[in-house]
Amino acid sequence: WQKEATGGESSGYLSGSDELDIGSMSLNVLASRIADIREEDVKRARKLASNWLTGECTHRAAASLSLDTILNFRFSENALAVGSASGRTHLFEMESGQHLIEFKAHYDENSRGYTAVTCLDFNGNLISSGSSNGSIAICDIRTKRELRIPEAHTRPISAIAFADEQLIVSASEDGTLLVREASDGKCMLRVDLKCPVLSFVLQGHYIWVGKANGVVSVLKLCDGSQLFEFPAGCDGVTAMALESGRLVTGSEKGKITLWNIEEGGSALRSYSTHQSPVVALQFDDAKLVSASMDGEVHIQKTFSGSRLYRMVGRSRRISSLQFDETRLLCDGTGSLLLEHCFEG
């Protein structure tokens with residue numbers, strides 16, 4: 001028994017050399033499979049990059065409203081929040097397009113005023129939105145609780161964003177910037193910039209503010225004090241995006257400018273690509289996507305500014321865009337929100 005167990009002639013056990021051979025074969029198969037997967041990933045990445053450069057994509061409706069117009073949106077993973085012309089906000093599942101929740105938000109059936117959602121942000125749990133009558137709504141998708149703050153601003157709200165899970169920043173054409181708690185809407189900070197605020201973008205503990213006089217001001221989030229400012233053009237700064245030490249601004253006259261903020265705000269390149277105010281911007285190292293009230297979405301190379309292609313046919317009510325690795329969403333198509341998928 002001992003001889004058989006240790007690899008004798010009549011042993012039913014494999015010899016040590018046989019075990020090593022099978023192990024080597026298994027490792028070779030595994031290594032080959034890993035190499036195949038890597039090659040597939042490389043091919044997929046190249047195809048995806050090529051599709052973004054050429055505009056080859058498929059299209060589908062990510063959200064649809066009945067008897068209402070989608071004016072703005074944000075998505076987080078597979079959840080999509082939209083704001084509408086009636087003042088309501090909605091939650092959709094992106095993959096299926098299923099409508100999950102409707103919030104009244106700014107809607108008031110007794111109001112004679114126009115209460116459209118003018119801006120919106122979504123952090124995966126809360127939807128914050130601003131309206132044309134200056135009100136703010138905070139809607140919790142987990143509890144379905146709604147908090148409305150009437151007359152938060154005295155004029156239409158131009159931008160709103162979560163600074164983190166606890167704070168919401170809003171800015172308005174009335175020239176004020178407000179920081180409030182997301183949990184109860186309590187105002188923690190009010191900054192009077194004495195000029196209509198058209199856009200802003202957050203970076204850590206700082207707020208980059210685009211104003212109607214063409215100036216960008218950088219404020220501390222904690223107390224609203226100004227660090228510095230610089231002229232970004234002769235007309236209003238209507239859209240902004242900030243990424244990896246680069247700032248992109250869009251203007252009322254359709255001009256886009258790329259700035260190197262790590263070198264004191266020097267302009268790297270400017271180009272006039274739209275015929276109307278730029279309303280939304282997003283970029284990465286390869287591409288810059290912009291939307292304008294001319295109803296067009298332009299995709300161009302980030303650093304050279306050369307246009308790759310454009311998407312046309314949207315209305316002047318276009319106000320927002322967002323992309324991730326594989327998909328681009330833009331509004332401005334009435335009751336539908338279209339998703340352009342570049343994968344495949």
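Let's start with a cysteine. The sulfur of C119 lies 13 Å from the closest cysteine sulfur, that of C139, which is too far for a bond. A disulfide here is a pair of cysteine sulfur atoms within 2.5 Å. By that rule, the count is 0 disulfides. C187 is in none either, with the sulfur of C222 its nearest, 15 Å away.

A word on the source. This is a predicted model: local features need pLDDT of at least 70, side-chain atom pairs count only at pLDDT 80 or more, and totals for chains, interfaces and linings use all residues. Residues are numbered from 1 along each chain as its sequence is written, and side-chain values use heavy atoms, with hydrogens and water left out.

Back to the two cysteines. Is C119 buried or exposed? C119 counts as buried, because its relative accessibility is 6%. C187, at 36%, counts as partly exposed. The cut-offs: buried is under 20% relative accessible area, exposed is over 50%, and partly exposed is in between, with a 1.4 Å probe and protein chains only.

C119 comes up again in the largest pocket. Its volume is about 1,600 Å³. 49 residues line the pocket, and the closest to its centre are C119, S158, A159, V279 and S319. Which elements give two or more residues to that lining? They are β2, β6 (117–122), β10, β14 (197–203), β18 (237–243), β22 (278–283) and β26 (321–323). Strands are DSSP runs of E, at least two residues, numbered from the N terminus. By residue class, the lining has 31 nonpolar, 11 polar and 7 charged. Nonpolar means Ala, Val, Leu, Ile, Met, Phe, Trp, Tyr, Cys and Pro; charged means Asp, Glu, Lys and Arg; the others, Gly among them, are polar.

Now the method. On a 1 Å grid over the protein atoms alone, a pocket is an open set of points with protein on both sides within 12 Å along at least five of seven lines. A cavity is a set of points where a 1.4 Å probe fits but cannot get out. Lining residues have an atom within 4 Å of a point. A volume is the space filled by probe spheres set on the points, and points are joined across faces, edges and corners.

How many cavities of 30 Å³ or more turn up in the whole structure? The search finds 1. The largest cavity holds about 50 Å³. Its lining includes A232, D235, T249 and K255. β19 gives the most, with 3 residues. The lining divides into 2 nonpolar, 6 polar and 2 charged.

β2 (residues 70–76) is mostly covered, with 5 of 7 residues buried. β2 runs antiparallel to β3 (residues 79–84), joined by 6 bridges. N72 has G83 as its bridge partner in β3. The hairpin has 2 residues between the strands, and E77 in the turn has a positive phi of about 55°.

β10 belongs to an open, antiparallel sheet of 4 strands, ordered β10-β11-β12-β13. Its edges are β10 (157–162) and β13 (187–192), each pairing on one side only. The twist averages 15° from one strand to the next. Strands pair when DSSP finds at least two bridges between them; β10 and β11 (residues 167–172) have 5. F162 is partnered with I168 there.

Last, another hairpin. β16 (residues 215–220) and β17 (residues 226–231) run antiparallel, with 5 bridges. S217 partners E229. Between these strands are 5 residues, and G224 takes a positive phi near 80°.

Definitions and conventions. Axes fitted to C-alpha atoms, helices over the stretch in contact; angles between N-to-C directions.
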